[in-house]
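Thanks for coming. I will go through one structure today and keep to the backbone, the helices and a few individual residues.

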Amino acid sequence: MTSGRMASIARLSYAALMLPLLGTGVAHADSDNYVEVARGKALATAGDCVACHTAKGGAPFAGGLALQTPFGAIMTPNITPDNTTGIGSWSADDLARAMHDGRRPGGGYLYPAFPYPYYTKVTRADIDAIYAYLRTLPPANNSVSRNTLPFPFNIRLSMSGWNGMFFTPGTFAPDSSRSAEYDRGAYLVEGLGHCGACHTPFNAFGASKADRYLQGNQIDYWTAPNITNDMQSGLGKWSVDDIVQYLKTGQTGTSLASGPMKDVIENSTSKMPDPDLKAMAVYLKERGAAGSPTPAPLPASDRQMQAGEAIFIDTCSACHTRAGTGVEHLFPKLAGNVVTTQDDPSSLIRIIIAGGRAAATDARPTSPAMPSLGYRLSDEQIAAVVTYVRNSWGNAASPVSADAVRGLRARVTGPAD
Amino acid sequence: MARRLPRKDVVIVGLGWTGSIMALELARTGLEVVAIERGPWRDTAADFNIGTAPDELRYAVRHDVFLRPRQETLTMRNNPSQTALPIRKWGSFLPGNGVGGAGVHWNGQTWRFLPQDFRIRSHMTERYGAGILPEGNFIQDWPVSYDELEPYYDKFEYVAGISGKAGNIKGQIQPGGNPFEGPRSREYPTPPIKQGHSQELFAKAATNMGLHPFPRPSGTLSVAYTNTYGCTMAPCTYCGFCERFGCANYSKSTPQACVLPALVREPTFEARTECEVTKVNLSGDGKTATGVTYVDANGEEWEQPAELVLVCAYALFNVRLMLLSGIGKPYDPASGEGAVGRNYAYQTGTGSTAFFEDVKFNPFAATGSLGMVIDDYNGDNFDHGPHGFVGGAYINNAYTNGRPILYHPTPRGTPNWGSAWKKAVRETYQRVTNVGAQGSVMSYRNNYLDLDPTYKDPLGRPLMRMTFDYQDNERKMANWMADRCDEIAKAMGAKTTQVNRLVGPWSVVPYQTTHNTGGAIIGSDPKTSALNRYLQSWDVSNVFVMGASAFPQNAGYNPTGTVGALAYWALDAIFKYLKSPAPLVQR
């Protein structure tokens, strides 16, 4: 048989990737250094570079994905080592400058859709490893228009002022009062992982609000939940192991990832080594809690609650069960699930309208779907059932209006992803 | 002219139960595997939305997930003196199409055959003398024993998550299970599903009659289950949309639920859907397969070279592909010689419809595998001496569904339309149940498969011709069973009963069962079997043929459990074959 050897080579490199990414003391990159390249690949995976730098159906890392921002669409660049359309002519210093300072080789400004406010924390040694890895990619000739923003946002120099207000350059500084594990987690979450890019609210200038770090945000009409240690809507009820399992397998058993987090898990965290996942979990659990106070639940006698309960029994309870307990590993538990009690109910609304699909990983290959039900539930009905879910089985959160559903429906109707 | 593609290690024809199992297990060893499937890709999330999956008109009436007769059908006749005509609308049986195959739309009833079923010829002859074997029979012992298959039955059941109650664990009879079954190495992976009121009445009546009722082993699951491949299934909701439907609840044991989520992650696996394999290609001396030729959805012809060819289509179409490819000698009923196409068999269905007065059954709260069963009259679990027939049946009381379009039983003599019909439907719907017998069919000289001399498919290839009728032995057996069913129905408290007997020639029109077996059977003698005991072609040693086409005759059970066991049994042999490619049994 011809391919057995190929397969064992593939397995070998995979095994190398699973080595913890610690030991960043390796000196300068040597492009022939297999260990350095493998480390760079693992770091690029932790940074999930491929997610933004790959167009739908396009060559990996060849760019061309349109990132929607409040200021217009930004096309992601080709970061394969193609000399004309990619970054083949970049030196390691060039990459380090982009990551650390948000600047192009010629000195021009990058937009923070490229999360350099996070990447600035990555060590030079790690950037060099990523550079070494990117040099091994097959060069893809893919020319991407880099000037799609409308006036005045197309003036890159304006980023100079933005940086002055919102950007603090500087690599990660460990906190000597914390454990090495905590610091490792902080380095990954705050740096390459750029978790805050989605999980922290934006200000009017599109910058993460530093004072509300990791307190939840809305991304592409999905709720990126609060991931502080908050009990109401954060990770307060999750153990370190719950977080590790979630990042590794796509689920805790009762919570299943969908939406943009499905991609993050499939492309990135499920391929990261366990010690790094544990470090991230320890950091998230220990760094503190912040969020809105828990409101009083709506009474069962509320009209919206009564309508919602009837809809829930008819439409939802076969899978999620009457008691909101769901089915382990398959249908999320709604009782006590913090996704249901976020300040922003967008995920609940959109997943009922348009459906969704849970992450699939090697550990948990079944990727169940939430069917789209928007075709048969009105805005009022969805508002009622979401309100019911947010205020039943011990859950308590603000009610949802039909207007909120209407606004979201217009934006998310289309095939489930 | 077919364009030649790069060589693969393994090409699999058909991506149903056996194809997906083979693909996963072989791809996991690093082999390059391509599965070629003539129907579409099908996935629970994308194709079986809970909001639209229970659509009886689309799926049950209009046959949405089945093979289109226009794409491929077969011709049928009852005996060699007739001229066969094409089946233009599926009736008696419903071949699947697309990824998952018939494993998508089955009911999930998952049985093991009895130990004696595997040596039925020897067993019956030893106990009753050769005179009990029917005239013209081709009954053969299987070349593999129950004990040899037991670990593989177990493997399949734990992949599929089957819900049931063991009756015999390592020789110890277990209360509540089937005391007649062969010894199992362990309990079923999940406990039995819930039963309805009618099944309670059946169990009570059967017990009072000295019979041994137990819950039917079910591929619609009682509880959530994560299988050996890491795939997760949900508890059944008893919606009653199983047979003819894809399950939207992740509750039915299907390739979609049990195998494909793991398979699609394998980097050396590739599926090509809507591609019809037209032929297995052979080397000049005809002893080695070089790959397959197929036609894609655009009508383009491709040659896929491969080291190993696994024929994993539906039983009937496995046989046709062998005949079209020249693998093995076609069976000739005139001379009785030739192996491919012989020993085609089917299943009998008889019983008693029981009408009650003061009950309210809920047939709509059902699953395809719900039911209580007795096995006292199956195989040779009872004395055949006084009856003069071979074979047996399980007798069950089940509701697979109470769906609005096709489920409206009425007493005989009720008009087929109008107010009297409506009144009868209303009065009967919750007051009727059925006690049914699903029986074995032996193999005979004149029941066989070959290529039709007249009719062709759209690609110009001859259709397969089925020559089949029930023989006296089966009629005797099935009608004797109908009387046993009637006894139980009456003991359940039915006010009136109607006995449903096997009369007249076999017809392709009413649905009976999709348990078509044989045609490419395993055996010890290459003159009378197409495959050796490892499901390897006697004639072309790098071709293995999975499925119920391997059964030498059919037992009184649903076939899928045995199909799954044979696949894992063959897989172990294929691993041996790969180390040293050669015939695994010398002819």
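A residue counts as buried if 20 or more other C-beta atoms lie within 10 Å of its own, as exposed if 12 or fewer do, and as partly exposed in between. Keep in mind throughout that this is a predicted model.

His63(B) has 17 other C-beta atoms within 10 Å, so His63(B) is partly exposed. His194(A) has 23 C-beta neighbours inside 10 Å and therefore counts as buried. His63(B) is not a glycine, yet its phi is positive, near 60 degrees. His194(A), again not a glycine, has a positive phi of about 35 degrees. Where do they sit? His63(B) is in the loop between helix H3 (56-61) and strand E4 (74-77) of chain B. His194(A) is in the loop between helix H8 (180-190) and helix H9 (196-199) of chain A.

One more backbone item in chain A. The peptide bond that joins Phe151(A) and Pro152(A) is cis, with omega about 5 degrees. Pro152(A) lies in the loop between helix H6 (124-135) and helix H7 (158-166) of chain A.

Next, helix H13 of chain A, residues 303-320. How far does H13 of chain A span between its end C-alpha atoms? The figure is only 22 Å, whereas a straight helix of 18 residues would span 26 Å at 1.5 Å a residue. H13(A) also has a kink of about 50 degrees, centred on Ile313(A). The buried residues of H13(A) are Gln304(A), Met305(A), Gly308(A), Ile311(A), Phe312(A), Cys316(A), Cys319(A) and His320(A). Their packing partner is helix H15 (379-390) of chain A. Just after H13(A) comes Thr321(A), with a positive phi of about 65 degrees.

H13 comes up again where the chains meet. The contact takes 27 residues from chain A and 26 residues from chain B. On the side of chain A that touches chain B, helix H1 (4-17) and H13 of chain A each supply at least two residues. H1(A) gives the most to that side, with 4 residues.

Now two helix pairs, one in each chain. Two packed helices are described by the angle between their axes and the distance between the axes.

In chain A, take helix H10 (residues 240-249) and helix H12 (residues 274-286). Their axes come within 9 Å and cross at roughly 130 degrees. That angle makes H10(A) oblique to H12(A). Val240(A), Ile243(A), Val244(A), Leu247(A) and Lys248(A) make the contact from the H10(A) side. Among the residues that H12(A) brings to the contact are Asp274(A), Leu277(A), Met280(A), Ala281(A) and Leu284(A). The crossing of H10(A) and H12(A) is right-handed.

In chain B, take helix H5 (residues 146-160) and helix H12 (residues 560-579). They pack at an angle of about 115 degrees, and their axes are 8 Å apart. So H5(B) is roughly perpendicular to H12(B). H5(B) puts Leu149(B), Tyr152(B), Tyr153(B), Lys155(B), Phe156(B) and Ala160(B) into the contact, and H12(B) puts in Gly561(B), Gly564(B), Ala565(B), Tyr568(B) and Trp569(B). This crossing, of H5(B) and H12(B), is right-handed.

Why does Ala279(A) count as buried? Ala279(A) has 28 C-beta neighbours inside 10 Å, and the cut-off is 20 or more. Ala279(A) is in helix H12 of chain A. Leaving aside neighbours within four places in sequence, Ala279(A) is in contact with Glu181(A), Arg184(A), Gly185(A) and Leu188(A). Trp393(A), 114 residues from Ala279(A) in sequence, is 32 Å from Ala279(A) in space, C-alpha to C-alpha.

The other is in chain B. Gly368(B) counts as buried because 27 C-beta neighbours are inside 10 Å. The loop that holds Gly368(B) runs between strand E15 (348-355) and strand E16 (372-374) of chain B. What does Gly368(B) touch, not counting residues up to four places away in sequence? The residues are Asn107(B), Gly108(B), Thr220(B), Cys242(B), Glu243(B) and Thr400(B). Between the C-alpha atoms of Gly368(B) and Ala27(B) there are 32 Å, and the two residues are 341 residues apart along the chain.

That is what I have for today.

Key:
Residues numbered from 1 in each chain as written. Chains lettered and ligands numbered in written order. Predicted model: local features only at pLDDT ≥ 70, side-chain atom pairs only at ≥ 80, totals over all residues. Expected span 1.5 Å × (residues − 1). Bend = angle between axes of the 7 residues up to and from the residue. Contact = placed C-beta atoms within 7 Å. Axes fitted to C-alpha atoms, helices over the stretch in contact; angles between N-to-C directions. Parallel < 35°, antiparallel > 145°, perpendicular 65-115°, else oblique. Left-handed = near helix turned anticlockwise from the far one by under 90°.
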